[in-house]
Amino acid sequence: MTETARAGTTVAEVMAELAALEDPKTRAVNERHGDDHGVNLSKLRAIAKRLKTRQDLAEELWGTGDSAARLLALLICRPKAFGRDELDAMLREAGTPKVHDWLVNYVVRKSPHAEELRVVWFADPDPVVASAGWALTTERVAKRPDGLDLAGLLDTVEAEMKDAPPRLQWAMNHCLAQIGIEHPEHRARAIAIGERLEVLKDYPTSPGCTSPFAPVWIDEMVRRRAES
């Protein structure tokens, strides 16, 4: 693929613009969360809004390996343009948490390959890859639960979440909370599992935000829905 994208904007021009936006303070904050770029995400989104959808440019930006460029690529790509194997490879080389999350949420979820990848990733031995499978499963718990074994998911959470690596643990905890929020018949068990395992119980939560500790999260979301 040539450096000049079909719409005329070059990778070099975009990379120069991203470099100009690099801010040491932003990088320091991002690095505390495992990310390795210093570009403000609002400014990154502004570039994406200007560029609009540019699949060729998106593929070239992804190929640079630069995290900010990859985030931009995920905002300007066409999710349905990627093949199943492409998406699998992209996830495995995503590297940073933000790139991983945006790839799953902005691209894979909109792909016709999402369900197939959900199943494959869910059982992957790599905990980071498996966390993507859990994230896609959590979406199904909320929006398309038919065919899911919710009790079986709770069994797995109960047996494995406590000792899971951080990113997988976070994804499993989200699934646990979502089951409790969306499915009243499983709510008591979901809360009991959360209380027993105490995963994220002491996670620092900013004022006005909901704790990710599953029992608190479930209770708060159920309360809000009852009051709305």
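Lys-52 sits in the loop that links H3 and H4, where helices (H or I, at least four residues) are DSSP runs numbered from the N terminus. Its phi is near 65°, a positive value in a residue other than glycine. Lys-52 counts as exposed because its relative accessibility is 58%; the cut-offs are under 20% relative accessible area for buried, over 50% for exposed and in between for partly exposed (1.4 Å probe, protein chains only). The model is predicted, so local features need pLDDT of at least 70 and side-chain atom pairs count only at pLDDT 80 or more, while totals for chains, interfaces and linings use all residues. Residues are numbered from 1 along each chain as its sequence is written, and side-chain values use heavy atoms, with hydrogens and water left out.

With a relative accessible area of 40%, Glu-198 is partly exposed.

Beyond residues up to four places away in sequence, Leu-61 touches Val-11, Val-14, Met-15, Ala-69, Arg-70, Leu-72, Ala-73 and Ile-76, contact meaning heavy atoms within 4.5 Å.

Two helix pairs show how the packing is arranged. The axes of H1 and H3 are 11 Å apart and meet at an angle of about 155°; axes are lines fitted to C-alpha atoms, for helices over the stretch in contact, and angles run from 0 to 180 degrees between N-to-C directions. H1 and H3 are therefore roughly antiparallel, given that angles under 35 degrees count as roughly parallel, over 145 as roughly antiparallel, 65 to 115 as roughly perpendicular and the rest as oblique. Glu-17, Leu-18 and Leu-21 of H1 meet Lys-43, Leu-44, Ile-47 and Arg-50 of H3. For H6 and H8, the axes are 11 Å apart and the angle is about 40°, which makes H6 oblique to H8. Here the contact is formed by Arg-84, Leu-87, Asp-88, Leu-91 and Arg-92 of H6 with Glu-116, Leu-117, Val-120 and Trp-121 of H8.

Pro-79 is in the loop between H5 and H6 and, at 18% relative accessibility, counts as buried. Leaving aside neighbours within four places in sequence, Pro-79 is in contact with Tyr-106, Val-107, Lys-110 and Ser-111. The C-alpha atoms of Pro-79 and Arg-109 are separated by 8.5 Å, although these residues are 30 apart along the chain.

Finally, helix H10 (residues 150-160) has Leu-150, Gly-152, Leu-153, Leu-154 and Val-157 buried. The cover over the buried residues of H10 includes H8, H9, helix H11 (166-182) and helix H12 (184-197).
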